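Please keep the sequence and the coordinates at hand while reading.

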Amino acid sequence: MARAQLKTETPVKDPFASPGGSRIAVVDIGSNSIRLVVYDKLGRSPIPIFNEKVLCGLGRDLSLTKRLSPEGVTLALENLERFARLVDGMGITRVDALATAAVRDADDGQAFAEAVKRRTGLDMQIISGSEEARLSAMGVISGAPDADGVIGDLGGGSLELVGVEKATIAGQTTLPLGPFRLMNVGGAEMPVDYVDEVLDGVDWLARFKGRSFHPVGGAWRSVAKVHMEWVEHPLRIIQHYTVPGDELAETARLIARQSKSSLNALKAVSKRRLETLPYACLVMSRLLERLEPAEVVFSANGLREGHLFDLLSAKEQAVDPLLAACRDIADRLDRFGFGSSAEIAPWLEVLFADAPAAESRLREAAGLVSDIGWAEHPDYRAQHAMERILHLPVAGISHPERVFLATATLYRYGRSLADVGQQRLVDLLDDQAMKRAQRLGVALRLAHTITGGATRLLQHTRLVLDDDHVDLILPPDQNALGGEVVQRRLDTVARSMDRQGRIIVAPKAV
């Protein structure tokens, strides 16, 4: 009777289908670049499904002429027309175009907005400096809900600084410290005195001395890329890349002093970024000198993500971004249509009484995405699943946490880091966390072996732990869920805890 109840006519889902919700596009028109990003939906963890950037340099000569660069305007209009054609072809019904410092400050900014409307049909919103700062901060907070310190968003024309205490804005300002402005200050010399004078005028910065600093913006992302290259960091992802404050300050000072030929040798930075990179590093080094942050935590989220986050309700904003993303992935990849992957983490929780409380969300995330490789070729399933987890375009997760999830996923598919040539990732986790990730992986493997991937069957079973054993308890009417393969998987879990595994048929249903 129980077996008959489990039958379903639900078709297998397309693993690449959207989980629902209307797609939304954001066009970000900055002083240096314009970018179109299309997101799969408006939600807590939207995933970019299209992303294109063009460096137009609208604000290149703004500090001298008070007008947008003519060449930049031509290039911007051409590419904005392309963007409009693309979103029309994609069937995107909502396109939010946001213009920042260059268009805001230029005498011909409004005329440019009208030209964009005539040529592309896009209604461009010119946002104020304070609003730009607020949205940039919202973007960082959307990906790092526990942010506490100073957020800095460096664009081509301006620097937005926002003080954040427990994810609440506690001070903000807009400063004329964009690289394009600095290139026209002080002639051939780097305008150190000018930068210092402007930063010294921000009286609230002193309150945040010693806290974290969160850089945002393309130029500062380039600094992160250079640092990753220099230290051979094994995970080249900007979001939540964390560096000790004094170490990054020295990196910024070093880059700011480089000759043009030395800058050209930097493989991690695009050639079109090299012109502005020394000025971006000058601002960063002088700012870090004042803040003396314990750590610098880079954010790939900024104005665009902040805009989307701002459109959500307070209830939606409070959702964990990692878990929101993993639930979406689970919905897409649910091969049996039961939507039951959320049952896995509570089922195996008894195995992790020794784990830090902060890891519970990682176990929940791992359970949600534990079937991510089912549509892959069996010979490559483990490595591809691990790579997908390691490089997911999601926020709310640090680099060590990414390695934790990726390691668990690899072991869930019966492989190890050495098997796939990823031993360097071990450097990002301490020994005990690595062991718990491996234990989580083999426990996930056990769960999927017991149920064949129809994980709602776990509700008929439970795990029990004592000093010597890990017991899998089955009710009499579900004893067939055991077997030789399940016993082997259970033994692997038990060995990870220096115990023995037993399958026990309980006298009554659990």
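The model is predicted.

**Cavities and pocket**

Rolling a probe the size of a water molecule over the atoms shows where empty space is left. Over the whole structure, the search returns two cavities of 30 Å³ or more. The largest cavity holds about 430 Å³ of space. Its lining consists of 32 residues, and those nearest the centre are Ser33, Leu154, Gly155, Gly217 and Gly218. Two or more lining residues come from each of strand E2 (33–39), helix H6 (129–143), strand E6 (149–154), helix H7 (179–182), H9 and helix H13 (303–310).

The largest pocket has a volume of about 640 Å³. Around this pocket are 31 lining residues, with Pro48, Ala300, Asn301, Glu305 and Pro393 nearest its centre. Elements that give two or more residues to the pocket lining are E2, strand E3 (48–55), H6, H9 and H13.

**Accessibility of single residues**

| Residue | Relative accessible area | Class |
|---|---|---|
| Cysteine 281 | 0% | buried |
| Cysteine 326 | 2% | buried |
| Alanine 84 | 14% | buried |
| Valine 231 | 38% | partly exposed |

How many disulfides does the structure hold? The number is zero. Cysteine 281 counts as buried because its relative accessible area of 0% is under the 20% cut-off. Cysteine 326 falls in the buried class too, because 2% is also under 20%.

**Alanine 84**

Alanine 84 sits in helix H3, which spans residues 70–90. Is this residue buried or exposed? Alanine 84 is buried, because its value of 14% lies under 20%. Arginine 119 is 35 residues away from alanine 84 along the chain, and the C-alpha atoms of the two are 9.4 Å apart.

Valine 231 belongs to helix H9, made up of residues 218–231. H9 is also among the elements that give two or more residues to the lining of the largest cavity, and H9 contributes to the lining of the largest pocket as well.

Terms used: Residues numbered from 1 in each chain as written. Predicted model: local features only at pLDDT ≥ 70, side-chain atom pairs only at ≥ 80, totals over all residues. Heavy atoms only, no water. Disulfide = S-S within 2.5 Å. Buried < 20%, exposed > 50% of the residue type's maximum accessible area, 1.4 Å probe, protein only. Helix = DSSP H or I, 4+ residues; strand = E, 2+ residues; numbered from the N terminus. 1 Å grid on protein atoms, 1.4 Å probe; cavity = no way out; pocket = protein on both sides within 12 Å on 5 of 7 lines; lining within 4 Å. Points joined across faces, edges and corners; volume = space filled by probe spheres on them.
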